[in-house]
Each structure stands twice: as structure tokens, then as C-alpha cells.
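Thank you all for coming; I would like to take a few minutes to walk through one protein model.

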Amino acid sequence: MSDKKIIYRTYKYRLYPTKKQEAVFNEWLETCRRLYNYFVQQRFEHWEIEKHLPKEYRVYKSYFDQCKQLPELKKDNHYLKRAYAAVLVNVAKRVDKTFSDFIREISEGNSKYGKPKFKYRFYYNSFTYPQPGIKNQKFRIEGNRLYLGKIGHVKIILDRKLPQEAVIKNCSIKREVNHWYAHISFKQIATIPELQVNENKAVGIDLGIKTYGVLSDGEEIKNPKWLQVMEKKLVREQRNLSRKKKGSKNWRKQLIKLSKIYRKVRFQRNDFLHKETTKLTNDYDLVVLEDLQINNLVRNNRLAKNISEVSWGFFQKFLSYKVNEKGKKLLVVNPRNTSQICSNCGEMVRKSLKVRIHECPNCNIVLDRDLNAAKNILQRGLEELRSSIDNTVGLTGSACGEVSKETQGSKKFVKTTNKPKLG
Ligand SMILES: [Zn+2]
């Protein structure tokens, strides 16, 4: 039996633009940033009037309204003409997305995204070429070059091939401090084999700080040493940043230094996570994890906690799309008491976080604390599997993880009350 599924993926490739091309990239980012702020401002002004009207009389400024202004804007602001038209249209699309979220939230009365924000310099880091047309391709891969409309051929490192049946959706050019990347998004109709889960090929994993993960069969996923060293460095440099005067020259310098370390950590961590999750999904039919949302075991300083949580989040995300592709299963179970209950007899054996060994007074079994937890996690997963034949397999995710959590908290760079103006 097999199943056809549409999978959305994004592959990330390193770009090596020439000095001239890099200058154009930077110029376009600034162009897009100004346009973005201009459109956001316009939407706010419009909203200020509209919000006093009863709902049924409101006419929201739309994506199309703003796109229609582009030819007129170009007449007065010549630099807009230098950027690729479709890239500017995409700016309007982004503004529309943030505003639709904002207005929907107001009407629903919650505030996850909050008010759309103006983008300050250095905080607008990508522009997007939309779906390539059949006749007039806006971007395409030619050998080891990425052709971009109005820019030309940029050197690209194609370290992984796009699947043959991939339908390309769009291409974003992204700046990460001083490196450039192309994020190519595509969809693909994949045939996924429907697998009968073999219970003997099931594993529970207890994720932790010291050892990355303990498997229910006694195996361990070791934390790579270099990653720990880098993470410590990250904590230190973050502390250095907080000591500097926000917005000052030294602060900016430290921010760049920190961003570079972040990037390195992200690379190393993703590399490690890809290897481990590939291995797991090759070896097992069913992988069971604790629900990270409820798990609150990490008692460390805040950044260290953040790093672990981000890392576990990606671990789960990578596992999720890999099991999906291979027709295997990932289950996420309630972590309640997994470290307290005896995995052998079910007795509740209370112990504090310091106690690393599980010793059961009822059945006399002695186990490593985390191994006991992993065994409980597996049992919960198997129970869930047996009780529902129609389990959801998990979400498809993108191949390259975007770390939004890591960049939060540094967004408020140089506040200004000036209205954004084009020009
Ligand atoms: Zn026991």
C-alpha cells in the first residue's frame, strides 16, 4: 500500500556573489525595506480611520491596492526601478500577510503576532523572487549558477539536488551577517509507502542536557563536545552584549560578533541533528518523544535553556518530516511522571532531580534514571499506537530550519519616531 502526498520543502544554498552583485543585493534590501515601511505606514493610517467604522463598512487597503501604486511610486523614486518588479510586489505581499494577521487577531481578541513593526536598517534581510513563470523565468538554476532576473548569474553551491519532480515555488535571497544564501522553496508529490509499524522496531527517547538523548534500548546520543564549547561561548558573548550601551558602535560590533557565532552554532547543530535523525528514522519504524511543550525539566540559566529548547524543537521537526517521507511514525507523548514511574512494574518511585539512578523497591530493578524514562516514553507511545489505528504521522517541515527564537530580543535596534518616507 502507498499514499500520495504533497510535501512542501525549502532547500538552502550558499551563494558567492561578486562584489558588484553583493552591492546590488544590499541595495535591493534597502529598497525593499523602505518600501516595506512605506506600505506599513500607509496601512496604519488607513486602519486608524477604518477602525472607527462598523465592521461592515470597513474597506481594507489590500495587497492589490498597494501593488497598483508601484508604477506611480517608481516615477517619483527612481531607485525603485532598479529592483526587479516582482521582488517589489513580494514586499506588498509580506505587508499584506502581517496586516491580515494583525487585523484578524484584533477581531479574534488575541495577540500572538501583535502590531506590525517597522523594519530598521540591518533588520530587513531577504527579498523574494516569486514562482518562476513558464515563459518568463524570473530565476532558474543553470549549472552551478543561479540566474536571477535583473542581476544575472550568481555562483551557487548546489550541495544537494532538488528532487526531479519538484515544482519550484519561489526563491529568497537572504543575508546572514556577511554570507548570502538562496532559499529555494518547492512542492513535490511524493509517494509514501504505508508501513506496518513493527513494535520491535520502536524506540523511546529521553532528551536531556548532559547526554543529548537516552534511547529505550540503552543506546545514547552523545552531545558533541565542540557544540557545547560553542554554546558556552555563545552565552559569554551574549553577556558581553548586554553590558554594552544599546545602539552604540561597540554594541553593534558585538552584535555582529554574536551573530557570527550564532550562525556557526546553527550550522553545527543542524548538521548534528540531521545525522542523528536520519540514523533514527533508518533504524526504527516508530520514534516516541516527550511533548516538549510540557516538559520543563531544564533548570539552567535562560539562554542555555533556550538553546536546548531550540535544539529539541528542531530535532522533533527533522524527525517529523523524515518519518513522513519514509512512511514511518513519530509520536509525542505526555511527559508526566516518566522519570518517576518504574518502567518494569509500574510502581511510583518518587525521586528528586539529583537522583540519577532508578531503584525500585517493588521489583528491585536498578536502572539509569534517563533509561527508565526512555522506557516509559516508549511504553506510552506503544499504548497510543495500539489504541488508535489511525494515528497522525506528524507535520511536514522545511529542510533548513529557520531559527526565529535565536534572533528574538535583538529586534529593537535604534528607535526612531520619524515616519518612514520613500526617497
Ligand atoms: Zn519496579
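What you see is a predicted model, in which local features need pLDDT of at least 70 and side-chain atom pairs count only at pLDDT 80 or more, while totals for chains, interfaces and linings use all residues. Residues are numbered from 1 along each chain as its sequence is written, and side-chain values use heavy atoms, with hydrogens and water left out.

The secondary structure of the protein chain comes to nine helices and 14 strands, where helices (H or I, at least four residues) and strands (E, at least two) are DSSP runs, numbered from the N terminus. Of the 423 residues in the protein chain, 45% are buried, and buried means under 20% relative accessible area, with a 1.4 Å probe and protein chains only.

Let us move to helix H2, which covers residues 63–76 and reaches 21 Å from its first C-alpha to its last, close to the 20 Å expected at 1.5 Å a residue; that expected span is 1.5 Å times one less than the number of residues. At Leu70 in H2 there is a kink of about 40°, shortly before the proline Pro71, the bend being the angle between axes fitted to the seven residues ending there and the seven starting there. Among the buried residues of H2 are Tyr63, Cys67, Leu70 and Lys74, and the buried residues of this helix pack against helix H1, helix H3 and helix H4.

Now, which helix holds Thr281? Thr281 is found in helix H6, residues 249–283, and Thr281 is buried, with a relative accessible area of 1%. The side chain of Thr281 reaches the backbone oxygen of Thr278 at 3.1 Å, and a polar contact of 2.9 Å joins the side chains of Thr281 and Lys326. Such a polar contact is a pair of N or O atoms within 3.5 Å, where, within protein, one must be able to donate a hydrogen and the other to accept it, and residues adjacent in sequence count only if both atoms are side-chain atoms.

Finally, strand E4 (residues 145–148) and strand E5 (residues 152–157) pair in the antiparallel sense over four bridges, pairing being counted if DSSP finds at least two bridges between two strands. Leu146 stands opposite Val154 in E5, and the two strands, E4 and E5, form a hairpin with three residues between them, where Lys150 in the turn has a positive phi of about 70°.

Conventions. Buried means under 20% relative accessible area, exposed over 50%, partly exposed in between (1.4 Å probe, protein chains only). Contact means heavy atoms within 4.5 Å.
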